[in-house]
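Here are my notes on the model, point by point. Please read them with the structure open.

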Amino acid sequence: MDFNNTEIAFKGKTDADLNRSYWLFKIIGWNWLIKIAPILLKIFMPLGFPIPIIKATIFKQFCGGESIEGCNAMIDELGYHNIKTILDYSVEGKEKEGVFDANVKEVIATARKSKTDFNIPFSVFKPTGFARFELLQKVNAKETLTQKEEEEYNRVKARIDKICKTAYELDVPILIDAEETWIQDPIDAIALEMMEKYNKEKTIVYNTVQLYRWDRIAYLKELIVIAREKGFYVGLKLVRGAYIEKERERAEAMNYKDPMQATKEDTDRDYNLALKICIENIDMLSFSCASHNEESNIYLTELMKQYNIDKNDDRIYFAQLLGMSDHISMNMGKAGYNVAKYVPYGPVKDVTPYLIRRAEENTSIAGQTGRELALILKEKKRREVKNT
Ligand SMILES: Cc1cc2nc3c(=O)[nH]c(=O)nc-3n(C[C@H](O)[C@H](O)[C@H](O)COP(=O)(O)OP(=O)(O)OC[C@H]3O[C@@H](n4cnc5c(N)ncnc54)[C@H](O)[C@@H]3O)c2cc1C
C-alpha cells in the first residue's frame with residue numbers, strides 16, 4: 001500500500017475541488033487568521049453574513065451536509081470508494097435541556113439511518129451533547145451535587161442509556177467520543193456501565209481512549225481485566241487526543257500534574273502499544289484506529305497480518321475525518337480494509353464551532369496542513385491543474 005499514490009487519494013475530486021482544498025489548507029495555515037476567526041464570526045454571524053462563504057469553503061471541505069438526508073450524496077460517493085460513513089451530528093456548545101433532548105433524537109435518527117444503509121457501520125455521539133459541561137466537571141471532581149443537580153445528572157445518564165439501548169435493539173454499534181480530562185471520568189464510568197449492559201453478546205458500545213494521556217495504557221489494561229471477569233465485550237476507539245494545548249494550559253494554571261505525555265514520541269509509543277494490546281485481546285474486543293498517522297495505520301496492518309486477521313474483519317476499523325488524510329482512507333479502502341470517515345453534519349451556523357476547531361487543529365499540529373498541501377500539490381502537478 002502506497003500512501004503517496006495521489007491518483008487514488010484524490011480519485012473522487014475534480015480539478016476545481018483540488019483547487020478549493022489547496023486554497024483552504026493554505027489559508028488554514030495562516031495562524032493569525034485562525035486566531036481571530038472566532039472573534040470575527042461572533043461579530044458577523046448574527047448578521048448571517050459569513051454563512052454563504054463558510055458553506056462554500058470550509059463547510060464543503062469538512063462536512064457532509066446540513067442534515068442526515070443532506071449527507072446522502074457524500075455517503076454514496078464515499079461508499080463508491082469502499083469507504084464507510086460515520087454520521088457525526090456536530091452541533092456544539094448549546095447547553096439547554098431541550099437541546100440535549102433534541103440531540104438524543106438526532107443521534108437515534110443516525111442509528112436508524114445506519115440500520116438501513118450498508119455504508120454506515122457506526123453511530124457516534126459526544127457526551128457534552130447531552131450534558132452541561134460544568135455538571136460533568138463537578139461529578140469528575142467528586143463534588144457533592146445538589147438534589148437538583150442529582151436529578152439533572154440522572155437525566156444525562158438516562159439520555160445516554162436510551163441511545164445505547166436503541167443501538168443495541170437496532171444492532172448498530174455506537175461510539176462515544178472522548179473529551180477533556182476534567183470531565184472524562186464520568187464519561188468513562190457511564191461507558192463502562194453501557195458496555196456491561198449492552199455488550200454481553202457482541203460489541204455495541206465503544207468508548208474512546210486518548211493515548212496523549214500517560215495514564216491510558218493502565219486504563220486500557222484494567223478495562224480488559226474487568227470485561228474478562230464480568231463477561232462482556234469491549235469496544236474502543238483509539239485516538240491520540242484533540243485538546244493538548246488546552247490540557248497543558250489548565251494543568252499549568254491550576255498547578256496540577258500535566259495529564260499529557262511529555263513528548264509526541266511518548267504519545268506515538270503508547271498509541272501503537274494500545275493497537276497491539278487490542279489485537280492481542282481481539283477475542284473479546286473490537287476497535288477502530290482513528291488516526292491520520294501513517295505509521296500507526298501501517299503498523300496495524302502489519303499486526304493484522306502477523307495475527308492472521310482478515311483485512312475486512314469487522315472487529316477492526318480504520319477511521320479518518322472527512323476532508324483530511326484522503327491519501328490514507330482512499331488507499332486503504334482500495335486495499336480492502338474496513339475504512340470509515342467521520343462525516344460531520346448540521347446547520348452551517350451550528351457546526352461552525354466544530355469547523356473552527358478543525359482549522360485550529362490543522363494549524364496547531366505541525367505537519368498536518370503541510371502534508372495535506374504537499375499531497376494536493378503533487379496531484380495538481382500530476383494532472384497539470386493550474387491555480388485558479
Ligand atoms: C475518526 C476520528 C475520531 C476522533 N475522535 C476523537 C475523540 O473522540 N476525542 C479526541 O480527543 N480526539 C478525537 N480525534 C482527534 C484525534 O485525537 C487527534 O487529534 C487527531 O487525529 C490527530 O492525531 P493523529 O493520530 O491523527 O496523528 P498525529 O498527527 O501523528 O498526531 C497528532 C497528535 O499527537 C499528539 N501530540 C502532538 N504533539 C504532542 C506532544 N508534544 N506531546 C504529546 N503528544 C503530542 C496530540 O494528540 C496531537 O493531536 C478523532 C480523530 C479521528 C480521525
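1. Start with Leu-87, which stands opposite Ser-123 in E2. Strand E1 covers residues 84–89 and strand E2 covers residues 122–125. They pair in the parallel sense, over two bridges. Keep in mind that this is a predicted model.

2. E1 and E2 belong to a barrel closed by eight strands. The order is E1-E2-E3-E4-E5-E6-E7-E8, with parallel pairing. On average, neighbouring strands of this sheet are turned by 30 degrees against each other, direction ignored.

3. Which strands does helix H13 lie across? H13, residues 264–280, lies across E5 (234–239), E6 (285–290) and E7 (316–321). Its direction is at about 155 degrees to E6.

4. Helix H15 spans residues 326–335 and lies across E7 and E8. Strand E8 is residues 339–345, and H15 runs at about 135 degrees to E8.

5. Now the rings. The structure holds nine aromatic pairs. For Tyr-22 and Trp-23, the ring centres are 5.2 Å apart and the planes are at 75 degrees, so this pair is edge-to-face.

6. Is Tyr-22 buried or exposed? Its relative accessibility is 7%, so Tyr-22 counts as buried. Trp-23, at 36%, counts as partly exposed. The charged end of Lys-380 sits over the ring of Tyr-22, 4.5 Å from its centre.

7. Two further sites deserve a look. Phe-122, Tyr-206 and Tyr-317 form one aromatic cluster. Lys-257 lies over the face of Trp-214, 4.4 Å from the ring centre.

How values were computed. Residues are numbered from 1 along each chain as its sequence is written. This is a predicted model: local features need pLDDT of at least 70, side-chain atom pairs count only at pLDDT 80 or more; totals for chains, interfaces and linings use all residues. Side-chain values use heavy atoms; hydrogens and water are left out. Rings of Phe, Tyr and Trp (its six-membered ring) pair if their centres lie within 6.5 Å; planes under 30 degrees apart count as stacked, over 60 as edge-to-face and the rest as tilted. Buried means under 20% relative accessible area, exposed over 50%, partly exposed in between (1.4 Å probe, protein chains only). A charge sits over a ring if NZ of Lys or CZ of Arg is within 6 Å of the ring centre and within 35 degrees of the ring normal. Two strands pair if DSSP finds at least two bridges between them. Helices (H or I, at least four residues) and strands (E, at least two) are DSSP runs, numbered from the N terminus. Axes are lines fitted to C-alpha atoms, for helices over the stretch in contact, and angles run from 0 to 180 degrees between N-to-C directions. Contact means heavy atoms within 4.5 Å.
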